[in-house]
Amino acid sequence: DFTAEFLADILCVFGDQDRTLSECIAHGLMNKQQQKALLTMEDFVTAMSEILAEQATQTQTEYVNPLFLFHKKKASFIRQTHPIKTTLNALIRFVNNKFIELSMALRQSELLLKPNGILMLIVYDEFESRVIAEFLESRKLLNLSTAPNDATDVFYVDLDNDDEVID
């Protein structure tokens, strides 16, 4: 069983949410779950809508209505940083064990890659991008190359954040 504190930790770490907002959403979801089981996506989004409306009145923050997710023309109003998206993404990342799977895949690809081979990764998620960046940084710091003067070119381009190429 999940506690509200554990759920808040998941939202904070895997969703990169503000701690206060994570706690508010976690406690709200736990309360809604006790009142009525959140079995469908519509139940979840409706509960989130009520939680965010309550949070908005307390903090004078305005959120786009999460129910717009169900309207084809209005769904684009909900940005990636909207609490409904960060909450859903955090739960998906946690349930699917995404970061551990990615870390294992990177390590396995390193073992399978032939000398002077090329590994190309296309990532659409900022958090996956962080895991890959940390892996590449640790690779350069650890100097895992078997040849003492092996010139290995590692390029990392984060197109989402318009960062420069790390060489």
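A residue is called buried when its relative accessible area is under 20%, exposed when it is over 50%, and partly exposed in between (1.4 Å probe, protein chains only). The model is a predicted one, in which local features need pLDDT of at least 70 and side-chain atom pairs count only at pLDDT 80 or more, while totals for chains, interfaces and linings use all residues. Residues are numbered from 1 along each chain as its sequence is written, and side-chain values use heavy atoms, with hydrogens and water left out.

The protein chain has 6 helices and 0 strands, where helices (H or I, at least four residues) and strands (E, at least two) are DSSP runs numbered from the N terminus. Along the sequence this gives the pattern α-α-α-α-α-α. Among contacts (heavy atoms within 4.5 Å) in the protein chain with a separation of 6 or more, 46% join residues 24 or more positions apart.

S22 counts as buried because its relative accessibility is 0%. Beyond its neighbours within four places in sequence, S22 is in contact with A8, L11, C12 and Q17.

Helix α3 comes next. Its 19 residues (41-59) reach 26 Å from the first C-alpha to the last, close to the 27 Å expected at 1.5 Å a residue; the expected span is 1.5 Å times one less than the number of residues. The buried residues of α3 are D43, F44, V45, A47, M48, S49, I51, L52, Q55 and A56, and what covers them includes α2 and α4 (83-96). After α3 comes Q60, with a positive phi near 55°.

How do α2 and α3 pack, in angle and in distance between axes? The angle is about 130° and the axes are 10 Å apart, with axes fitted to C-alpha atoms over the stretch in contact and angles running from 0 to 180 degrees between N-to-C directions. α2 is therefore oblique to α3, since angles under 35 degrees count as roughly parallel, over 145 as roughly antiparallel, 65 to 115 as roughly perpendicular and the rest as oblique. On the α2 side, L21, C24, I25, G28, L29 and K32 make the contact, and on the α3 side F44, A47, M48, E50, I51, L52 and Q55. By class, this contact has 9 nonpolar, 2 polar and 2 charged residues, with Ala, Val, Leu, Ile, Met, Phe, Trp, Tyr, Cys and Pro counted as nonpolar, Asp, Glu, Lys and Arg as charged, and the others, Gly among them, as polar.
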